[in-house]
Amino acid sequence: MTQTDLIARRDRLLGPAYRLFYDEPAHFVRGEGVWLYDAAGDAFLDVYNNVASLGHCHPRVVAAITKQAATLNTHTRYLHETILDCAEALLATLPDHIDRVMFTCSGSEANDLAVRIAEAYTGRTGVIVTELAYHGVTHAVSQMSPSLGDGVVRGPHIFTVPSPLKFAPKDRAAGFAQAMDDVIARMTKAGFPPALFICDTLFSSDGVISDPAGFVKPAVERVQAAGGLFVADEVQAGFGRTGEAMWGFQRHGLNPDLVSMGKPMGNGHPVAGVAMRAELIEQFGKKSRYFNTFGGNPVSSAAALAVLNVIADEGLITNAREVGAYLKDGLHTLSDHSDHVGEVRGTGLFFGVDIITDGQPDGGRARRIVNYLRQHKVLISATGPHGNVLKIRPPLVFRPEHVDRLLAVLSAAVSNS
């Protein structure tokens, strides 16, 4: 079947809501480490996929999944040691005040559950998100995800705070905190005092905003002082991605009330969850039962436990820090030598790179760069309010030689765009 036939078949069977990457969609049949292989056997360097954050088909995760799938898989209403082992290992990476965890299948479900818990605890429904946030696709959290577009209507209880990118780095902490004060006042006046503020602590959909470390703290403290809870959405920033700590909120010195997690948790296996302070789930549990057929099943728990062990045993947080620093230096050098490469933002193995023309955001040029890279077998994406921010997010097993290949092709892409 040709590529054209495959696309037509997909459109016929799956409908128009699904989107494919790239002007020329890619068809992959195998993955290993930082590489994806197409049907012709060509290798593509994956510099985007944080789902397989340990690298595609990591042998220890594959072995854990295979062994448990061959033994038993069922739901969490039976006793099973593996879900408890996983919970203990996961909670050990979090601050002491986060001491309960509930498992789901996806980050969307985790955020949906976090909202329900926050509403039950506070007796409120007001939600604060950034203006281009993404937090999932359920009915509740799609309303909290402005990046999905105008076709997804926000409820009257959803309020947006400006992206931190609106504030210069030296003014970012104070500016973001003042913006939070303003939105809290508006929503309270409208009859929706805050139940929660939720953010991805790398603000990836808003353009990747990592610095200065700690800038988010004053804004979070404003929300908590107003009686709302803070939900750290760690789907993007968690599991060692920043190279500084296990969780993105830690580099900002934050004390979250709930922590949601997803994509990287199973290295490609669908497992996610939300961790929280004990009193939050006790309040929720008095009023509601919660059951997720596949959330925390033995196979998923085995996958998640293997991921935690690999991150620790292979020193992947250190690798993200060291290789990320090498990549950041290279991106800055590229910026210094090109009028079309602007600010470089990020930490560890997650970067946003502004693409500009005459000093202004240029989403069209960014799109051409992304597609040039795809044609030359390097995979990245773009994000941000103007679609002009290159989104560079390789697996945590990325090495200096992979950085060299990315920078060589990226330099050529910028020159030829």
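In the predicted model, the aromatic side chains give a count of 10 aromatic pairs. One of these is formed by phenylalanine 28 and phenylalanine 44, whose rings adopt an edge-to-face arrangement with 5.1 Å centre to centre and 75 degrees between the planes. This pair links distant parts of the chain, since phenylalanine 28 belongs to strand β1 (residues 28-32) and phenylalanine 44 to strand β3 (residues 43-46), 16 residues apart. Phenylalanine 28 is partly exposed, at a relative accessible area of 27%, whereas phenylalanine 44 is buried, at 3%.

A further edge-to-face pair is formed by phenylalanine 176 and phenylalanine 215, at 6.2 Å centre to centre and 65 degrees between the planes. Here too distant parts of the chain are linked: phenylalanine 176 lies in helix α6 (residues 172-189) and phenylalanine 215 in the loop between β7 (194-200) and α7 (217-225), 39 residues apart. Phenylalanine 176 is buried, with 0% relative accessibility, and phenylalanine 215 is likewise buried, with a relative accessible area of 1%. Both residues belong to one aromatic cluster together with Phe197, Phe203 and Phe230.

Charged side chains also sit over aromatic rings. The charged end of lysine 377 is placed over the ring of phenylalanine 44, 5.7 Å from its centre. For tyrosine 48, the charged end over the ring is that of arginine 393, 4.3 Å from the ring centre.

On the surface, a nonpolar patch is formed by Leu13, Leu14 and Tyr18, which together have about 340 Å² of accessible area.

Notes
Residues are numbered from 1 along each chain as its sequence is written. This is a predicted model: local features need pLDDT of at least 70, side-chain atom pairs count only at pLDDT 80 or more; totals for chains, interfaces and linings use all residues. Side-chain values use heavy atoms; hydrogens and water are left out. Patches are made of residues with over 30% relative accessible area and no salt bridge: like charges are joined within 9 Å, nonpolar side chains (Val, Leu, Ile, Met, Phe, Trp, Tyr) within 5 Å. Accessible areas come from the Shrake-Rupley method with a 1.4 Å probe; for residues, only the protein chains shown count as cover. A salt bridge is a side-chain nitrogen of Lys or Arg within 4 Å of a carboxyl oxygen of Asp or Glu. Rings of Phe, Tyr and Trp (its six-membered ring) pair if their centres lie within 6.5 Å; planes under 30 degrees apart count as stacked, over 60 as edge-to-face and the rest as tilted. Helices (H or I, at least four residues) and strands (E, at least two) are DSSP runs, numbered from the N terminus. Buried means under 20% relative accessible area, exposed over 50%, partly exposed in between (1.4 Å probe, protein chains only). A charge sits over a ring if NZ of Lys or CZ of Arg is within 6 Å of the ring centre and within 35 degrees of the ring normal.
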